[in-house]
Amino acid sequence: MPGPAIVTLALFLIIFCLLSKAFYNRTKNKNKNFPPGPKCLPIIGNLHIFDVKNPSKTFTQLSKKFGPVFSVQLGTQKMVILYGYDAVKDAFMNHAEELSERADIPIFTEASKGYGIVFSNGENWKVMRRFTISTLRDFGMGKKSIEDRINEECDSLVQIIKSYGGKPFENTTILNTAVANVIISILLGHRYDYGDPTILKLMSLINENFKLLGSPMVMLYNMYPKLIGWLPGSHRKILKNNSDVNDFIMEAFTKQKNRLDVNHQENFIDAFLIKQLEKNPESRRYFHNDNLITLVSNLIVAGLETTSTVLRWGLLLMMKYPDIQKNVQREINQIIGQRQPQIEDRKQMPYTDAVIHEIQRFGNIIPAIVPLATTQGVKFRGYFLPKGTHVIPLLGSVLKDKTYFEKPDEFYPEHFLNSQGHFVKNEAFLPFSAGKRRCTGEILAKTELFLFFTRLFQTFTIQAPPNTEVDITPVFGFTNTPMSHKICAVLRHND
Ligand code: HEM
């Protein structure tokens, strides 16, 4: 071997040994009572055992070997995984307080700087969460006024879909716009036309970030932020997109600040700006522009991709199962007829309600939530999780738990119906999670899903384009989405 090659090899071996030692020191488990998990390799931990196309598969295999509470290691980060409804319920019911903190995941920490609601902790999170829940309620969440806003958006959505005249089209952007308009009208007080370049740009930034979150470079960045941070790649793109979304919000609220009328709060941002004017210590400390921008951005991101992905699953599954679609339309004919759907109708529509629940269960759009971290040492099911342990309750394993759902891998609305055709709740239906961090937009999302879904099937029959097979295989990522596909929306003739 020539001299320079020997030197390079020797250097490589020395670096490898040093990294392995550093890795071992950081990750060796001093806690003998930690949940078990597979053996780790230096540097990468357990990354090599993951099925990158479908990580849920790996988790299922691990749960068979180690039980419902086990650990995995991604790089240097150990994580405890809770698999199946019983373990997840046990954690959220008996350790809600200890599981109220969001783990420090570098890409999210860097983007949010600890502000807003989704990635913040401690008092900042409590104040922002309290304000969010009460202000969303003031602006109509769970009330008639929000129903009217959604119904107006349904009118526009129906018009735009009609314009395709039953010809095939891709529905992602259209459904995204409809859902974005609902949340933006609550936050900023206005809506955008379908095709408006501002809303298209905003949605493309958000969609791109959701896609990039699952990329290998971002995973590496989350494991070794200092080492990877300065390299180009998806992590940089996410941060740039995030900053562009923040600029959009900044511009919107600066305009609003100039015309703020304290006696006429018209939207969420107005309510925040009025808090800013208060002189008490809490307002001074928490109601500043950094929190405003991150909070509004959190709500747009959390409320947009999620709700519209569920709707896309809904249209795709109805296209796949036309008999179920017919049953839904029959119930719409009987209970609603030609008038505008109201949320009150849901009580009398057990079949449609069951179908919407099953779409959310089967679609399983958030298979794993952003990790939580224990706020103190926790004894859990015979194990000990030290303070700061990252914990991931796998919502996907709950929604597909075969103890609670008869046919977990099939689309089967009967999961939510009894033998008399009445709607029945299922305690393992947790797509909005549980505990202190559960979704704050659940009521809004459920109202949107019911009104958009019933209006679409009142007006159209959704069919696959001629000579195409309907494929319901998901694209796995941070969110599970349907594969790109086209639909035909054929106007109904009151059949
Ligand atoms: C079908 C639609 C939706 C689904 C499936 C969904 C699901 C979820 C899930 C699983 C979480 C994580 C909870 C956890 O960490 O334990 C979450 C958090 C959150 N969601 Fe939703 N969500 C939806 C719609 C919305 C909407 C419309 C909004 C906005 C109004 C929203 C706002 C939030 C916020 C702010 C959080 C963070 C809560 C916190 O950390 O305290 N979500 N959502």
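## N364: a loop residue

N364 sits in the loop between α16 (350-363) and β4 (372-373). This is a predicted model. The phi of N364 is positive, about 45 degrees, although the residue is not a glycine.

Is N364 buried or exposed? N364 is buried, because its relative accessibility is 7% and the cut-off for buried is under 20%.

## I43: another positive phi

I43 belongs to the loop between α1 (3-27) and α2 (55-66). Its phi is near 65 degrees. That is a positive value in a residue other than glycine.

How accessible is I43? The relative accessible area of I43 is 23%. I43 therefore counts as partly exposed, since that class lies between 20% and 50%.

I472 is placed in the loop between β8 (460-463) and β9 (474-475). The relative accessible area here is 17%, so I472 is buried. The limit that matters is again 20%, with buried meaning under it.

Which residues does I472 contact, leaving aside neighbours within four places in sequence? They are W313, L316, L317, K320, Y321 and F362.

## I472 and N280: two separations

One further pair gives a sense of distance. Along the sequence, I472 and N280 are 192 residues apart. In space, the C-alpha of I472 and the C-alpha of N280 are 53 Å apart.

How values were computed:
Residues are numbered from 1 along each chain as its sequence is written. This is a predicted model: local features need pLDDT of at least 70, side-chain atom pairs count only at pLDDT 80 or more; totals for chains, interfaces and linings use all residues. Side-chain values use heavy atoms; hydrogens and water are left out. Helices (H or I, at least four residues) and strands (E, at least two) are DSSP runs, numbered from the N terminus. Buried means under 20% relative accessible area, exposed over 50%, partly exposed in between (1.4 Å probe, protein chains only). Contact means heavy atoms within 4.5 Å.
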